[in-house]
Amino acid sequence: KAANKPKHISWRIFMHFLGFLDELKSNWVFRESPQRIKQAFHLLIASACLALLPSLLIAHEIRPAIATFAMQPNGDYSITVSLNLEAILSGIGAEHEDTDDSPNAERYNTLRGLTPNDLRSAFQPFETEFLEGVALRFGDNIAQSPQIGKLTIPEIGDLELARISELVLTGVVPYGAETFIWQWEEAFGSSVIRVLPQGEGEGVSFWLQNGNPSEPISLAGVDQRTRWEQFLDYIIIGFEHIVPKGLDHILFVIGIFLLSTRWKPLLTQVTAFTIAHSITLGLSIYGIVQLPSNIVEPLIAASIVYVGIENLFTQKLQKWRAAVVFAFGLLHGLGFASVLFEIGLPRDAFLEGLLAFNIGVELGQLAVIAVAFVLVGFWGKNQQWYRSWVIVPGSLVVSVVGGWWFLERTVLAS
């Protein structure tokens, strides 16, 4: 981890957690197992943990840039972009889930430690290249280069958290133009373009990836997509929030999968999870139920730990499992809400958008289960070795990863 955290303390805490799981395993799981299985088990867990640790550190998670387009009464426009300026200056794009995964992590961490004035000075030589990565085309393909206006950079704050700066772009809308196309350089990561309505309405928003240009967007903030196109867009957003971006949700689903490879109980649990997170997601979007991320994220990590440890203590699927999964789904729904807060849901198609997003999430979860089933479930179901060689080590890895995330989001985040 590149930020100034006491690594020896975090490693000591993590090793205590591993020791707890090892004692749990020794005293219960393998009491009757041959010594060679224990040795192989130790090797498997150690290898899995070492392989996973580099990818667990997600405090510098890459988030999409949020660009908000607004028309001014005099015919000018402004685009307020909320972005991770350090990631862009470091050349860290959407191909990385976290800045620490990039070979440019050292550069990022150096920039992350700069004061606002120093970071502003570091950005100035990059301004021309940045503007070349922002493409606006109005009406009949009239290119328009925006100008950089105000740049607001927060204080350094917690080095373990991404710093979100705010950059204002300005320009003049060509006469007679009614639509525009937005394109954000692929090297800058993904982006969400939002257009504020002129007058009444909710405006419109689009999530763009891989440097792809948007469809023509109404300057009035009117969504020109059909209901079916909107529906498909939100299915894709929901799916991609699980695969490949929802690592914590993937791990929770794997924890559910491990204990039973039969499709009926799996679908029951996954459906309970989906219904639950749909409830809290909808309530959160409406502002009825909201919790800060520093509470939600540790609880999500704790749910992963619980599922993994329960797999160790339970020989078969218990009746209460679906209820437990439902309860944890309520937590995960609050986590999903952050994505839709960034992208937005059309007010006139709120239920359709919410339904489509959840269908995408469900499809993503089923995809995770299908892959896990092909890799281990198909070969190991009804086999005596399945518990010793799949459920136990897999659940321990799930617990270890969830435990590390919990520490990162609580003890190590302070």
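Angles under 35 degrees count as roughly parallel, over 145 as roughly antiparallel, 65 to 115 as roughly perpendicular and the rest as oblique. Keep that in mind for the helices on this tour.

This is a predicted model, in which local features need pLDDT of at least 70, side-chain atom pairs count only at pLDDT 80 or more, and totals for chains, interfaces and linings use all residues. Numbering starts from 1 along each chain as its sequence is written, and side-chain values use heavy atoms, leaving out hydrogens and water.

**Stop one: a helix pair.** Select 350-380 (H12) and 385-409 (H13): their axes come within 10 Å and cross at roughly 160°. Axes are lines fitted to C-alpha atoms, for helices over the stretch in contact, with angles from 0 to 180 degrees between N-to-C directions. H12 and H13 are therefore roughly antiparallel. Helices (H or I, at least four residues) and strands (E, at least two) are DSSP runs, numbered from the N terminus. Now show Val-376, Trp-379 and Gly-380 of H12, which meet Trp-385, Tyr-386 and Val-390 of H13; contact means heavy atoms within 4.5 Å.

**Stop two: the six-stranded sheet.** Next comes an open sheet with mixed pairing, in the order E5-E6-E2-E1-E8-E9. Strands pair if DSSP finds at least two bridges between them. E5 (147-152) and E9 (204-208) each have a single partner strand, so one side of each lacks a neighbour in the sheet. Select 65-71 (E1) and 191-195 (E8): five bridges join these parallel strands, and Ala-65 stands opposite Ser-191.

**Stop three: the four-stranded sheet.** Finish with the open, antiparallel sheet E4-E3-E7-E10. Its edges are E4 (142-143) and E10 (217-218). Zoom in on Thr-179, opposite Ser-218 in E10.
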